[in-house]
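I am opening a notebook page on this structure. Entries follow in the order in which I looked things up.

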Amino acid sequence: ASSVTVLVLGTTPADTAPPVNSAPPLSPLWKEVERCNDFLRGAGASVVQRIQKGPREPVFYGYLPQSLFDAVNCIFGPDGWDHTIVSGEGDDRGVTVEVIDGKHVATVHVDVELRLPPLTVHRRAWGTAEQRDIGDALNGAVTHATGKALSRFGIGRDAYLGRLAAFAAEFGAAGKRAATSERRDTPRTELREPSGYIPHVPSP
């Protein structure tokens, strides 16, 4: 006798049903992004800065810009990423500098590229900085824009999720980290590699 399988609309055979709590596989790029975040987390408070634009402004905690670049250099390799100033696209000049109250205010549009062959992915962001010296203003704006573009990949996302506020006790009222023997952070010169770290080897 032949057998007949009857499926009720809206149901799935048990052998083809997705496993409970299944999640889509992580993309290769996202895995490397998370390794960057693990690098930053392993460094503790030594790579965190207290940010307050004015005495009555709210306090935020973010990563020191160089720590973001260290993380990307470590995981992707110095030749695995780059940043360029966007210019020549319509009215976008890429860089503007104004002098306001004796200070140079620079605004820069930056494109950041992460390379994970065969993938090459770009993110863009604007950055600003205000300094008396025009060179310092431009460098600050590029640094600001590059950090924001990296955040759009998810690098340094703990700062945007508010998780760095846990380090608030490391800072005094003046916003400086207390120099005590009980500090929980890793010294700046001893940044730790994430567990399972594999040194970057350039492709031949």
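Entry 1. I am working from a predicted model. I began with the solvent exposure of Asp 101: its relative accessibility is 74%, over the 50% cut-off, so Asp 101 counts as exposed. I then located Asp 101 in the loop between strand E4 (95–100) and E5. I also looked up its backbone: Asp 101 is not a glycine, yet its phi is positive, about 55 degrees.

Entry 2. I checked the loop between E5 and E6, where Pro 118 is found. The peptide bond from Pro 117 to Pro 118 is cis, and omega is near 5 degrees.

Entry 3. I turned to helix H2 (residues 65–76) and helix H3 (residues 134–151), whose axes cross at roughly 50 degrees and come within 10 Å. The pair is therefore oblique. I noted the crossing of H2 past H3 as left-handed. On the H2 side I listed Pro 65, Leu 68, Phe 69 and Val 72, which meet Thr 143, Thr 146, Gly 147 and Leu 150 of H3. Sorted by class, this contact has 5 nonpolar and 3 polar residues, and no charged ones.

Entry 4. I looked up the largest nonpolar core and found 38 residues in it. Val 72, Leu 114, Leu 150 and Ile 155 have the most contacts inside this core. Elements that each supply at least two of its residues include helix H1 (28–43), strand E2 (60–63) and strand E5 (103–116). H2 gives the most, with 7 residues.

Entry 5. What does Ile 155 touch? Leaving out residues up to four places away in sequence, I list Val 33, Cys 36, Asn 37, Leu 68, Val 72, Leu 114 and Leu 150.

Conventions:
Residues numbered from 1 in each chain as written. Predicted model: local features only at pLDDT ≥ 70, side-chain atom pairs only at ≥ 80, totals over all residues. Heavy atoms only, no water. Axes fitted to C-alpha atoms, helices over the stretch in contact; angles between N-to-C directions. Helix = DSSP H or I, 4+ residues; strand = E, 2+ residues; numbered from the N terminus. Parallel < 35°, antiparallel > 145°, perpendicular 65-115°, else oblique. Left-handed = near helix turned anticlockwise from the far one by under 90°. Contact = heavy atoms within 4.5 Å. Nonpolar A, V, L, I, M, F, W, Y, C, P; charged D, E, K, R; others polar. Core = buried A, V, L, I, M, F, W, Y, C linked by side-chain atoms within 4.5 Å. Buried < 20%, exposed > 50% of the residue type's maximum accessible area, 1.4 Å probe, protein only.
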